[in-house]
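Welcome! Please take a moment to look over the model below before we walk through it together.

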Amino acid sequence: MNVDIPEGKHPIEYVWGDMVPGIGPAAANFSLAVYAHTTLGLREFEAARLRIAQINGCLFCLDWRTERDGHKVEDDFPDAVEHWRTTDAFDDRTRLAAEYADRYALDHHGLDEEFWGRMTTHYSQTEIVELTMSLGSWLAFGRLNRVLGLDAMCVLPGH
């Protein structure tokens, strides 16, 4: 842990709320909005989210699985995300979501016309903006949690 958490305080609540009350709650609301208001399919959403988690190395994010209407992605989905270029487990939209996440995090200057041509073939402009905002949220907040060591302090319910 790279910040001191007072005894009895929940690490995420303390860092995101008590330490920076003018910023943390707004950031938390943005993070929650990505899940509450998404229009993207579960597999596309999770492919992008998990690819960012893999790049960030956030332990909590890697362990998390988004659930919708009682459904989650299959257990081997994270492995498919890691091998998004070659997996046969993805349709074009899911593979493109993982690719966008990868390139957004590692080579955003390399997003060329060829890439955008594929994106606009498979995603509406609204979906592209939504996915881009989601990527920004996951990249920033997952990396924040990893860098500060909060990811090791968060425990999923039932773990």
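Predicted model: local features only at pLDDT ≥ 70, side-chain atom pairs only at ≥ 80, totals over all residues.

Let us start with helix H3, residues 42-56, and helix H6, residues 92-106, whose axes come within 8 Å and cross at roughly 30°. Angles under 35 degrees count as roughly parallel, so H3 is roughly parallel to H6. Their crossing is right-handed.

Which residues in H3 and H6 meet? From H3 come Arg 43, Glu 44, Ala 47, Ala 48, Arg 51, Ile 52 and Ile 55. On the H6 side, they meet Arg 93, Thr 94, Ala 97, Ala 98, Ala 101, Asp 102, Ala 105 and Leu 106. Sorted by class, the contact of H3 with H6 has nine nonpolar residues, one polar residue and five charged ones.

Now stay with H6 and turn to helix H8, which spans residues 125-147. The axes of H6 and H8 come within 10 Å and cross at roughly 50°. H6 and H8 are therefore oblique to each other, and their crossing is right-handed. Here H6 brings Arg 93, Ala 97, Tyr 100, Ala 101, Tyr 104 and Ala 105. H8 answers with Glu 127, Leu 131, Thr 132, Leu 135, Gly 136 and Leu 139. The contact of H6 with H8 divides into eight nonpolar, two polar and two charged residues.

How many aromatic pairs does the structure hold? There are 11 of them. Ring pairs join Tyr 35, Phe 45, Phe 60, Trp 64 and Trp 138 into a cluster. One member of this cluster, Phe 45, has Arg 68 lying over its face, at 5.1 Å from the ring centre.

Methods
Residues numbered from 1 in each chain as written. Heavy atoms only, no water. Phe/Tyr/Trp six-rings, centres within 6.5 Å; stacked < 30°, edge-to-face > 60°. Lys NZ or Arg CZ within 6 Å of the ring centre and 35° of its normal. Axes fitted to C-alpha atoms, helices over the stretch in contact; angles between N-to-C directions. Helix = DSSP H or I, 4+ residues; strand = E, 2+ residues; numbered from the N terminus. Parallel < 35°, antiparallel > 145°, perpendicular 65-115°, else oblique. Left-handed = near helix turned anticlockwise from the far one by under 90°. Contact = heavy atoms within 4.5 Å. Nonpolar A, V, L, I, M, F, W, Y, C, P; charged D, E, K, R; others polar.
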